[in-house]
Structures are given as C-alpha cells and as structure tokens.
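This briefing covers a predicted model. Please have the structure open while reading the points below.

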Amino acid sequence: MIRIEDVIAKVTANRPGADVDLIRRAYLFSAMHHRGQKRASGEPYLVHPLEVAEILAEMRLDEVSVSTGLLHDVVEDTLVDLDTIRSYFGDEITLLVDGLTKIAHISNLSKEKQQAENVRKMVLAMITDVRVVLIKLADRLHNMRTMQFLKPEKRARISQETLDIYAPIAHRLGMGKLRSELEDLSFQNLHPEEYKRLSAEVDSRRPELEAALTKIRETITTELEANDVPFVEVQSRVKRLYSLWKKLKKQKIHIDQVYDLIAARVITPNDRKYCYLTLSVIHNIWTPVPERFKDWIAIPRDNLYQSLHTSVIGDGGVAFEVQIRTEEMHRVAEEGVAAHWKYKESSIGSHEDDDTLDELRRTVEKLLLPLVEANEDNEDSEDFIESLKLDLFPKDVYTFTPMGKVIQLPRGATPLDFAYAIHSEVGDKCTGAKINGRIVPLRTELQNGDVIEILTTQNSQPTRDWLNYVVTSRARNRIRHWISQQQREESIDIGRKLLEKEAEKFRVAPKKFLNNEAEMTRIANDYGLSRPDDLLASIGYGKALPRNVLAKFLGAEKFEELDPEKKAATKISNGMKAVRKFIGLGEDAIVVKGVDNLLTSRARCCNPLRGEDIIGYISLGKGIVVHNKRCKNMGQLMVNKDRIVEVEWAKTEKDEKQSVQLLATTENRTGMLAGITNAIADIKTGIRDARAHVSKDDIGLIEVTVEVHDKKHLDKVISAIRHVSGVIEVERINP
C-alpha cells in the first residue's frame with residue numbers, strides 16, 4: 001500500500017515550494033471519514049484516494065489537485081457535506097470536490113439518465129477548472145486498474161463508459177499515455193476472449209518484432225549521426241492491443257497487413273527544423289509508403305498533438321511507422337494539457353495573477369469549450385451525452401476558409417457543418433456553398449484540403465431536411481433549436497387566435513383577457529407553467545383547451561352564466577363522445593397522463609391498437625396524435641422531444657371495437673379465401689372487408705379487415721389465420 005509520504009515526495013520533487021501541510025491535512029481528513037469502509041477487494045477504502053493522489057502527483061499537478069484527489073469521495077461516500085469541506089479547506093478545493101461529486105439520487109430519473117446528468121455536470125465544471133477532469137481521469141484510471149473485483153456486468157458498464165467518454169476526453173486533452181491505458185483496460189474487460197487471443201498472437205510474434213525494432217533503432221541512430229542531424233533519443237514500440245484490434249476490425253485485414261504494428265520514434269531537440277531533417281534521412285534509408293505521410297507539425301491536431309508520421313518499407317518488405325517530434329512535442333503528446341503546468345511555487349487562494357492557471361485555462365478553453373458550446377442548446381442530458389460522444393472522437397477532415405483558416409471536422413461532414421463551425425448565424429443564413437470554386441449541393445461530403453465558401457442571404461433559414469445532411473452535434477443542435485423556437489412561436493400565435501375566438505363566443509373582450517398579465521400568469525401556474533406565453537403555446541400545441549382556460553379566467557358561475565347554449569352543447573358533446581367511442585378515438589379510448597379533456601386521435605401511419613405500447617405527439621392545432629412506440633415514424637418524431645407526451649389506454653367498455661387490416665400470404669389454390677374467413681368467423685370475430693388477388697410470383701395475397709377489441713384479440717385472429725392450411729405468413733398493415 002502506498003504511503004502519504006511517498007505522494008508528498010513526488011509532489012515536492014516537481015514543485016519544491018508546494019504546501020505539503022495541506023496534503024497531510026487532506027489525508028488525515030480522508031482517513032478519518034473513510035475509516036471502516038472497504039473496497040470490493042476487501043482492502044481499506046483509503047487505498048483508493050491515496051492511489052488517485054499518487055497518479056496526480058505523477059502528472060506533476062499542484063498540491064490543490066493532489067489534496068482534492070484525497071478528498072474527492074468524502075462528500076459522496078460519507079456524511080461530510082460541502083460546507084464542512086469549505087470550512088476546513090477553503091473555496092478552491094470545495095469547488096473541485098463539488099465538480100467531482102455525483103448528483104444525489106433522483107427517484108424519478110432512470111439510472112442511465114442520472115449517469116448522463118453526472119457526466120454533464122462534470123463536463124460543465126471542467127470548463128471552469130480543468131483540474132476537475134484531470135482528477136476524475138485519475139480516479140477512473142485507478143478504478144479501471146482494480147476492476148477484477150467487480151461483477152462482470154458492472155465491469156462491462158464502467159468499461160463501456162470509459163471508452164465512450166473518459167478515454168476520448170483524455171484524447172481531447174492530449175493525454176496519450178493515460179488514454180492508452182484506459183482503452184486497453186476497457187478492451188480487456190469488454191472483450192476478454194478477443195483480448196486474450198490477440199494478446200497471445202502478438203506475444204508469439206514479440207521476439208521477432210523486438211529484434212526488428214532493435215535493428216531499426218540502430219540503423220536510425222547510425223544514419224542520423226552520419227548525417228550530423230542532432231537527436232535526443234530513438235524509441236520503439238509494438239502497437240497497443242486495443243488500437244490494433246480496432247484497426248483489424250474496421251479494415252477487416254490480417255495482422256500482417258497492419259502498417260504500424262511496429263513503430264520507431266525519433267525525439268529531436270526543440271527546433272522543428274530537426275524533425276524535417278530527420279524525415280529526409282528516414283526516407284533516404286527506406287522507401288516511404290505513398291499516402292502514408294502526415295504532417296501534424298504544420299497542422300497540429302485539435303488536441304495540440306504535433307508530430308511527423310511516415311510509413312516505410314523496411315528489410316524483407318516489412319512495413320513500419322516512424323514518428324518524429326521535438327522534446328516539447330513529445331511531452332505534450334504524452335501528458336497533454338498537464339504538460340502546460342509550469343513547475344514553480346504557487347499559493348493557495350486567489351490565482352488571478354498566476355500565469356500557470358491562466359495559461360492552463362486558455363489551453364483548456366481551446367480544447368473543451370467547443371464541446372459545451374456545441375451542446376449549450378441541448379437541455380436533455382441523454383442527448384447531451386450522445387452529442388458529446390460524437391464530438392469527442394478525433395476529427396480528421398481538414399478544410400479551409402477562402403482566407404486560409406483551417407477548420408477541422410469529422411468524416412462525413414458537409415458544407416452545413418462547415419458553416420455552423422464558422423458561426424451559428426452563418427449556418428442559419430446558409431443558402432449554398434462553393435467547394436474549390438464550384439457550387440455544390442449542401443449534402444456534399446467534404447474532403448481533406450477542400451476550400452469552402454459559404455453563400456448566405458438574410459432571408460434564409462434552416463429547414464428540417466438539414467438534419468439529414470449534418471454530422472456535427474453543433475450543427476444538429478442549432479438546427480433543432482431553431483426549429484423548436486419556430487414551432488413555439490407558431491404555437492403561441494395559434495394559441496392566441498384560438499383563445500381570442502373562444503373569448504368572442506362568450507362576449508369577453510379578447511384584449512381584456514390577454515392583456516391581464518397577472519391573471520394569465522395565475523392560470524399558467526395552474527397548468528404548471530411559468531409564463532403567459534407558455535400557456536398560449538400549450539393551447540397552440542393542443543395541451544390545453546381554450547374553453548377550459550377561459551373558464552378559469554371567468555370562474556365557474558360567470559362561465560355558466562355566459563354559456564346559454566350549455567345544454568345544447570352538452571347534448572352535442574355526448575353525441576360526439578358516443579361516435580368517438582364507437583370508432584375508438586378521443587378521451588374514451590386514450591388519456592394523457594396528468595391532463596384532462598385533451599383531444600386525442602390515433603395516427604394513421606400505425607393505427608395503434610388497445611394493449612400496445614403507445615406514445616403521444618403534440619400536433620399543432622390538432623391535439624395529441626397517438627402512435628405505436630414501434631411506429632416507423634418514431635425516429636423522426638423524436639427530433640422534437642418537447643412535443644412528446646405520455647399517454648395510456650383508458651378503462652372502457654369491452655364492446656369497443658377497432659378495424660384492423662391484415663395481409664395473408666398464401667399458396668395460390670382454390671378455397672384459400674373461404675378458409676381464412678371461416679377461421680375468423682369460428683372465433684366470433686367480425687369481418688368488414690375481404691379481397692384476394694395473385695402476385696406476379698404466383699403467390700396468393702388476401703387482404704382482410706377485421707373488428708377486434710385489443711391486441712390480445714388481434715393476436716388470436718392472426719394465430720387462427722396462420723393455422724389455415726396453405727397460409728405462408730400473416731402481417732398487419734396500415735392504411
């Protein structure tokens with residue numbers, strides 16, 4: 001077990017003036033409050049914060065970070081609250097601990113939703129202080145190293161989250177070494193059999209690979225010295241297992257076809273000219289592989305990574321990769337944002353004038369702020385996570401503005417993604433684009449080196465179709481936000497007109513009603529809304545009926561007094577209810593959870609049947625349209641999640657019937673139609689229509705419309721038809 005003095009020794013070695021008393025106090029506080037707690041392995045819980053603190057010390061972070069590493073679980077796992085942390089350690093450490101503490105359990109949220117909320121909280125917190133995510137990465141790394149004591153399903157869940165979120169964040173921060181270990185540990189837990197197989201295959205080749213690498217290092221060293229090209233070190237490595245597995249799987253190739261299975265790395269003094277001189281020597285020794293050269297020095301990756309990569313053909317036709325970078329570039333490639341700490345004495349408290357933190361904040365904003373900006377309009381936590389996953393993966397299409405500015409985008413990006421990457425308003429006003437001087441469709445996929453010019457007009461605006469052309473979350477969320485705003489404005493306008501029309505029926509001056517902000521706000525609050533505009537939007541969407549809103553304004557007595565046709569209206573209403581009940585529509589069949597008296601209808605695209613899982617979609621001016629949850633149109637409807645409402649089947653009389661159309665595929669022979677109708681009649685089910693025809697393939701197709709009570713009744717009908725001799729298949733079809 002590591003000792004606190006070992007951690008302190010590492011901190012003082014990197015930061016001689018560090019406040020080690022703060023670290024000792026944090027250790028004692030953590031030890032006291034975690035006393036008696038055990039990890040899944042059975043060892044004292046204190047081992048975990050100590051190991052996290054050591055990882056942070058190895059990253060050469062400051063004493064505040066190391067102390068927070070010791071304290072990061074006390075609020076979440078003990079009775080200590082944030083106010084206690086503040087009284088003992090001050091605001092700075094308290095803010096870091098708060099950013100690392102999971103949101104308290106919320107009973108009405110699913111486990112997935114709560115996890116998404118926790119990640120969202122961390123991502124937003126790390127923009128304010130990157131140390132939040134650095135400590136979280138250290139925490140996750142130690143947890144991944146000790147996963148063997150957890151249940152397999154928990155190991156798989158945590159490993160998948162690590163691959164989806166934490167390893168990509170480490171990559172975005174340029175922390176190559178930490179990212180590599182997280183990925184390999186995740187691979188080992190998620191795909192243990194494939195990990196063992198690939199590991200065994202690499203190990204069987206390791207002696208020859210190591211021999212080849214030794215020869216490569218010696219050759220590079222000799223040639224660089226012979227050409228008087230200065231260098232610091234020549235390294236070599238065998239490709240990581242996860243990276244190798246991913247490449248084999250993606251490209252569907254054999255291990256012998258991997259160009260970078262082995263690689264050499266030349267580290268030069270801190271002058272990029274030596275990198276290019278080294279490259280010329282490498283290409284003079286071995287033949288370069290066409291199109292396998294990348295200059296990440298001239299155009300750094302979005303995580304600040306810089307290096308020259310070239311693949312060459314060595315002795316015996318064996319291909320390998322050579323990476324060339326300066327000492328400073330190598331430090332950034334390994335440590336990422338942590339490499340931007342200046343190792344000098346710092347004081348706890350205000351850091352307004354601290355160059356270390358200022359430089360770090362600027363670096364972090366450049367790396368991480370686009371992630372938050374791209375998702376700032378996305379209020380749904382699960383959508384936020386999905387968008388975050390998309391944005392965290394490496395961007396590998398490099399395009400240019402006409403002025404030569406580099407814009408990095410994901411593979412598959414289009415001019416619309418480019419436009420929104422420039423600015424949200426440029427995207428909103430986009431009418432067309434030129435690629436390399438030629439006008440192209442907005443759905444055109446961008447390629448490396450393309451020069452993009454965006455054409456705009458003031459009257460242009462996004463359309464729903466654009467969602468089919470974009471791949472970046474920034475563009476997608478902006479388009480969704482604009483569409484949502486437009487629909488809200490339309491619904492407010494519709495709601496106002498409907499309310500005005502209803503007020504006129506009762507001889508109430510619409511302006512007197514609509515301009516009474518206090519009353520409108522009161523009624524809005526009755527509906528669980530905060531503003532009058534929200535109430536009008538709710539009416540426009542069909543969530544609230546204007547008649548009911550007016551009744552709340554007038555009061556029950558006044559409403560009845562001004563409603564002379566109440567009895568006639570009641571008769572008409574009862575008649576309508578009877579009709580709606582007969583055809584299976586409206587409140588007699590379906591109810592909206594938590595809301596009364598809303599107009600509902602069944603979607604024609606899926607014609608949901610009683611007993612099936614259903615969901616409601618607010619259609620402007622039409623009320624709630626109810627769909628089967630497996631409806632083919634659900635994907636498109638989920639674009640507007642704010643218009644999705646929960647609905648359920650109402651308790652109703654058993655004699656309610658609904659027409660359902662079925663298609664039976666049969667053998668082409670006499671008597672099939674009669675056999676099917678007889679089978680339906682035998683289970684006492686009404687038939688509204690039946691017709692038969694023969695396909696070009698000489699297959700019988702029989703369409704029959706039956707009257708059923710619910711899904712169970714329909715399943716019984718389908719089963720009866722399937723048992724008719726000669727029936728091949730039966731399926732439900734929608735008009």
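The points below take up a helix pair, aromatic ring pairs and one serine in a strand of this predicted model.

**Packing of helix 3 and helix 4**

- Two packed helices are described by the angle between their axes and the distance between the axes.
- Helix 3 spans residues 47-58 and helix 4 spans residues 63-71; their axes come within 7 Å and cross at roughly 160°.
- Angles over 145 degrees count as roughly antiparallel, and helix 3 is therefore roughly antiparallel to helix 4.
- The crossing of helix 3 and helix 4 is right-handed.
- On the helix 3 side the contact is made by Pro49, Leu50, Val52, Ala53, Leu56 and Ala57, and on the helix 4 side by Ser65, Val66, Gly69 and Leu70.
- Of the residues in this contact between helix 3 and helix 4, eight are nonpolar, two are polar and none is charged.

**Aromatic pairs**

- A pair of aromatic rings is described by the distance of the centres and the angle of the planes.
- The model has nine aromatic pairs, counting rings whose centres lie within 6.5 Å.
- In one of them, the ring centres of phenylalanine 29 and phenylalanine 89 are 5.4 Å apart and the planes stand at 85°, so the pair is edge-to-face.
- Tyrosine 242 is buried, as is tryptophan 245.
- Ring pairs also join Tyr242 and Trp245 with Phe187 and Tyr195 in a cluster.

**Serine 236**

- Strand 1, residues 233-238, contains serine 236.
- Is serine 236 buried, partly exposed or exposed? Its relative accessibility is 26%, so serine 236 counts as partly exposed.
- The C-alpha atoms of serine 236 and isoleucine 262 are 7.5 Å apart in space, while the two residues are 26 residues apart in sequence.
- Leaving aside residues up to four places away in sequence, serine 236 touches Leu213, Arg217, Ala263 and Ala264.

Conventions: Residues are numbered from 1 along each chain as its sequence is written. This is a predicted model: local features need pLDDT of at least 70, side-chain atom pairs count only at pLDDT 80 or more; totals for chains, interfaces and linings use all residues. Side-chain values use heavy atoms; hydrogens and water are left out. Axes are lines fitted to C-alpha atoms, for helices over the stretch in contact, and angles run from 0 to 180 degrees between N-to-C directions. Helices (H or I, at least four residues) and strands (E, at least two) are DSSP runs, numbered from the N terminus. Angles under 35 degrees count as roughly parallel, over 145 as roughly antiparallel, 65 to 115 as roughly perpendicular and the rest as oblique. A crossing is left-handed if the near helix is turned anticlockwise from the far one by less than a right angle, and right-handed if clockwise. Contact means heavy atoms within 4.5 Å. Ala, Val, Leu, Ile, Met, Phe, Trp, Tyr, Cys and Pro count as nonpolar, Asp, Glu, Lys and Arg as charged, and the others, Gly among them, as polar. Rings of Phe, Tyr and Trp (its six-membered ring) pair if their centres lie within 6.5 Å; planes under 30 degrees apart count as stacked, over 60 as edge-to-face and the rest as tilted. Buried means under 20% relative accessible area, exposed over 50%, partly exposed in between (1.4 Å probe, protein chains only).
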